[in-house]
Amino acid sequence: PNWTPQARSINLGADVATAERVTAPITADNPDLSSFFARGGKLIQVHGWTDPLIVPGDSIDYYNRVRARVGESVAERSLRLFMVPGMNHCQGGEGADTIEMQSVIERWVEQSQAPAAAVASKVLNGQVQRTHLLCPYPQEAVFKRAGSPDDANNFECRIVK
């Protein structure tokens with residue numbers, strides 16, 4: 001707490017280790033969510049593929065580590081990851097970045113309807129310009145080859161190999 005950038009005194013050996021120890025309680029990388037899931041908790045991760053702040057692969061890695069830690073059946077009941085094409089960090093970017101997840105999580109928690117998909121919108125000047133289907137990872141939205149590619153209804157979720 002007494003360190004300041006003006007002091008320009010950093011001990012890479014000690015100060016970095018101290019920072020890691022002090023910030024550990026606020027990091028979100030512990031894959032053991034078993035107690036949360038045991039209480040009926042549901043987790044929806046959303047990450048933009050063009051996020052310049054956090055590498056998108058980090059969310060996929062975390063998702064896979066949680067699945068490995070809690071087991072496939074628990075993860076299937078409790079965890080979803082949605083990767084959003086063209087979305088930056090939580091919003092912005094060229095892709096559809098307005099996502100209404102509140103009703104999705106409510107249906108999952110209150111009615112046991114796990115999300116099979118979600119819809120993201122690109123809104124400019126208060127008007128929806130296009131929509132995009134979001135699929136639970138590892139599925140991807142695949143264009144049905146009919147209709148407008150700017151309409152989420154013209155896509156379906158599939159595993160792409």
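Let us begin with the sheet, in which three strands are arranged in the order S3-S4-S5, open and with antiparallel pairing. Its edges are strand S3 (98–99) and strand S5 (127–134), each of which pairs on one side only. Strands here are DSSP runs of E with at least two residues, helices are runs of H or I with at least four residues, and both are numbered from the N terminus. Two strands count as paired if DSSP finds at least two bridges between them. S3 and strand S4 (residues 118–124) run antiparallel and are joined by two bridges. Within S4, Ser121 is the residue opposite Thr98.

A word on the basis of these values. This is a predicted model, in which local features need pLDDT of at least 70 and side-chain atom pairs count only at pLDDT 80 or more, while totals for chains, interfaces and linings use all residues. Residues are numbered from 1 along each chain as its sequence is written, and side-chain values use heavy atoms, with hydrogens and water left out.

I turn now to the charged side chains. How many salt bridges does a search of the whole structure find? The search finds seven, a salt bridge being a side-chain nitrogen of Lys or Arg within 4 Å of a carboxyl oxygen of Asp or Glu. One of them joins Asp97 to Lys122, with the closest N and O atoms 3.9 Å apart. This pair links distant parts of the chain, since Asp97 is in the loop between S2 and S3 and Lys122 is in strand S4, 25 residues apart. Both partners are buried: Asp97 has a relative accessible area of 15%, and Lys122 has one of 9%. For this classification, buried means under 20% relative accessible area, exposed means over 50%, and partly exposed lies in between, with a 1.4 Å probe and protein chains only.

A second bridge is formed by Asp32 and Arg69, at 3.0 Å from N to O. Here too distant parts of the chain are linked: Asp32 belongs to the loop between H1 and helix H2 (34–38), Arg69 belongs to helix H3, and 37 residues separate them. Asp32 is partly exposed at 28% relative accessibility, and Arg69 is partly exposed at 49%.

Glu72 and Arg67 also meet in a salt bridge, at 2.4 Å from N to O. Arg67 is buried, with a relative accessible area of 12%. A network of salt bridges links Arg67, Glu72, Glu76 and Arg80.

Next, the aromatic rings. Three aromatic pairs are found in the whole structure. Rings of Phe, Tyr and Trp (its six-membered ring) pair if their centres lie within 6.5 Å; planes under 30 degrees apart count as stacked, over 60 as edge-to-face and the rest as tilted. Phe36 and Phe37 make a tilted pair, 5.6 Å centre to centre with 50° between the planes. Phe36 is partly exposed at 32%, whereas Phe37 is buried at 6%. Phe143 and Phe155 form another tilted pair, at 5.3 Å centre to centre and 50° between the planes. Phe143 lies in strand S6 (residues 140–143) and Phe155 in strand S7 (residues 155–158), so this pair ties together parts that are 12 residues apart in sequence.

Is Ser78 buried or exposed? Ser78 counts as buried, at 4% relative accessibility. Leaving aside residues up to four places away in sequence, Ser78 touches Phe37, Gly41, Lys42, Leu43 and Trp108, contact meaning heavy atoms within 4.5 Å.

Tyr137 and Pro138 are joined by a cis peptide bond, with omega about 15°, and Pro138 lies in the loop between S5 and S6. Cys90, which is not a glycine, has a positive phi near 75°. Cys90 lies in the loop between strand S2 (79–84) and S3 and is exposed at 60% relative accessibility. Ser112 likewise has a positive phi, about 55°, although it is not a glycine. Ser112 is located in the loop between helix H5 (102–111) and S4 and is exposed, with a relative accessible area of 65%.
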